[in-house]
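What follows is a short walk through one model. Please look at the chain first, and then read on.

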Amino acid sequence: MFKKLNIFLTIFVSVLSLVLISCSSTKGLEVSKVSQNLENTKWELVSLNQKEIKKLDKIASINFEKDNKVFGNLGCNNFFGTYKVNSTNLEIGQVGSTMMMCLDMSVENEYSKVLQNVKGYKMKENNLIFFDENSKEIAKFKKEV
């Protein structure tokens, strides 16, 4: 009787362990797939708050690295920081930047504010779109080819 119960418990615990391990490893793969889609791509800024940006001396952009670091150009100054991502959620942490003065700082100032308000994103074709907490589009990028 005890031998049968021991065998049953051993099998039950083994199956339960496999199920739990497979669920947790799938979640990790999902997050890594999401971040891989963002990584190793230079995204050029196309619009801020649904308004097309004018051409600047430097191309405003954003890049994501696999170790949760983000960097790019605000239109004049370079910036750097960290990010968190999963499925459709994206948050960009506090960013730092160089401090050069440029003739037109309007895009730079607006882009800096937008980065602080990113709560979600969507990738569609060769575009990356950022959304705020109300799911309003706040920035749109195109993949640099």
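Ser135 sits in the loop that connects β9 (127–131) with β10 (137–143); helices (H or I, at least four residues) and strands (E, at least two) are DSSP runs, numbered from the N terminus. The model is predicted, so local features need pLDDT of at least 70 and side-chain atom pairs count only at pLDDT 80 or more, while totals for chains, interfaces and linings use all residues. Residues are numbered from 1 along each chain as its sequence is written, and side-chain values use heavy atoms, with hydrogens and water left out.

Although Ser135 is not a glycine, its phi is positive, about 65 degrees. Ser135 counts as exposed because its relative accessibility is 59%; buried means under 20% relative accessible area, exposed over 50%, and partly exposed in between (1.4 Å probe, protein chains only). Asn40 has a positive phi as well, near 55 degrees. Asn40 lies in the loop between α1 (2–38) and β1 (42–48), and counts as exposed at 74% relative accessibility. Most residues other than glycine have a negative phi.

Beyond its neighbours within four places in sequence, Phe141 has contacts (heavy atoms within 4.5 Å) with residues including Trp43, Leu45, Ile62, Tyr111 and Phe130.

Phe141 also belongs to one aromatic cluster with Phe79, Tyr111 and Phe130. The whole structure holds four aromatic pairs; rings of Phe, Tyr and Trp (its six-membered ring) pair if their centres lie within 6.5 Å, and planes under 30 degrees apart count as stacked, over 60 as edge-to-face and the rest as tilted. The rings of Phe64 and Tyr83 are edge-to-face, because their planes stand at 80 degrees, with centres 4.9 Å apart. Phe64 in strand β3 and Tyr83 in strand β5 are 19 residues apart, and both are buried.

Finally, there is one disulfide, defined as a pair of cysteine sulfur atoms within 2.5 Å. The disulfide joins Cys76 to Cys102, with 1.4 Å from S to S. Cys76 is buried, with a relative accessible area of 1%, whereas Cys102 is partly exposed at 24%.
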